[in-house]
Amino acid sequence: MKLRSFSLHLYGESSEFWSARFGAIPVEPPFKMHYTSQVSPELNQLPGAQPARKDLAQAPETALEKSESDLVAAAKAGNNEAFDELVNRYEKKIYRLALRLTGNTEDAEDVLQETFLKAFEHLPDFRQDSRFYTWLVRIAVNEGLMKLRKRRSDKSEPLEDAVDDEGQVMPREFRDWKPNPEQQMSQEEMEQILLNAAQSLPASLRAVFFLRDVEELSTEETAEMLNLTTGAVKARLFRARLQLREELSKVFKESKP
Amino acid sequence: MTCKEAFQEISKYLDGELAEDFKHILEEHLCKCAHCKVVFDTTHKVIELYCDGKLFPMPDLVRTRLHEALRRKYREKAL
């Protein structure tokens, strides 16, 4: 029942509702593209989808990565300065991930510290068959989800298991956004809006979105990290993107339809 | 392609996971349907906003406390 009510709450409109709505969509050939600066020129030149993110997972090994291997080897051999260098390299990214995931600075700082302290402690177990950063992300996500589970037990966090991977997700808001919303407000305002929207997602959707779209992990890496099937990762990523879009549309949509 | 079908494919399209022929069908639909184009553009924008590397900077004090905690850990290990 929980699954059902979650789905209904978000996108529970009947098929009659959607057919009525789609029937009302104005289609005027030839379609006049309404371009704003919010999409890249490449995307506006359909056909030819440009991924919204670079897929670094596919990047060839670089000098930077080789240097990372050297640092990890030195740190494993007991060189704390080498470990410090690894911390310096990734601390900002891990903090950002932790803050986006937990939604508050206090928990983010705890997750940051626990991530690097555990990484130091378990460094002898790191087999270097993945990137050091991916290993850090795995620790950070585990720590972050533990924080969220604890919060859930305090009854303030949406239930993780209320995610229905089979249910259909449909958009409700069709109004375009104001151009460049990030230029129309302070950085602090924008950060708060993004955090609030992310917090509206169940934790497991949030984790999938940040791992795939922000940390740029592959579907397989994300699935393995969150103990999900690749199908569930794809379904949750789709759901997370659309739900974030609905939440952010409330803030960024044009005032006139 | 109906709007309902298009919505289900937008995420795959953004990830470059759609087969070439299906991609063209979706692109044709996006060129004709203003509502689906808005959904596509704003979904793409969501990803862009969250990927903005300037947002969520780590405060200096947070960094200082992290490195203090690490120093303590190094000392514990050395004992």
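Me: How many salt bridges does a search of the whole structure find over all chains?

Reply: The search finds 24 salt bridges over all chains. A salt bridge is a side-chain nitrogen of Lys or Arg within 4 Å of a carboxyl oxygen of Asp or Glu. This is a predicted model, in which local features need pLDDT of at least 70 and side-chain atom pairs count only at pLDDT 80 or more, while totals for chains, interfaces and linings use all residues. Residues are numbered from 1 along each chain as its sequence is written, chains are lettered from A and ligands numbered from 1 in the order in which they are written, and side-chain values use heavy atoms, with hydrogens and water left out.

Me: Why is the pair A:Glu68 and A:Arg131 called a salt bridge?

Reply: The closest N and O atoms of A:Glu68 and A:Arg131 are 3.6 Å apart. The rule asks for a distance within 4 Å, so the pair qualifies. The pair links distant parts of the chain, 63 residues apart: A:Glu68 is in helix H4 (residues 63-76) of chain A, and A:Arg131 is in the loop between helix H6 (105-121) and helix H7 (132-153) of chain A. Helices (H or I, at least four residues) and strands (E, at least two) are DSSP runs, numbered from the N terminus.

Me: What makes A:Glu68 count as buried?

Reply: Buried means under 20% relative accessible area, exposed over 50%, and partly exposed in between (1.4 Å probe, protein chains only). A:Glu68 has 6% relative accessibility, so A:Glu68 counts as buried. A:Arg131 has a relative accessible area of 32% and is therefore partly exposed.

Me: Why does the pair B:Asp15 and A:Arg241 join two chains?

Reply: The side chains of B:Asp15 and A:Arg241 meet in a salt bridge (2.7 Å, N to O). B:Asp15 lies in the loop between H1 and H2 of chain B and A:Arg241 in helix H11 (residues 230-252) of chain A, so the pair joins two chains. Both B:Asp15 and A:Arg241 are buried.

Me: Which class is given to B:Lys23, and which to B:Glu20?

Reply: B:Lys23 is buried because its relative accessible area is 16%. B:Glu20, at 48% relative accessibility, counts as partly exposed. Their side chains meet in a salt bridge (3.6 Å, N to O), and both residues lie in helix H2 of chain B, 3 residues apart, about one turn of the helix.

Me: How many salt bridges does the rule find across the interface of chain B and chain A?

Reply: The rule finds 8 across that interface. One of the structure's salt bridges pairs A:Glu109 with B:Arg65, the closest N and O atoms being 2.6 Å apart.
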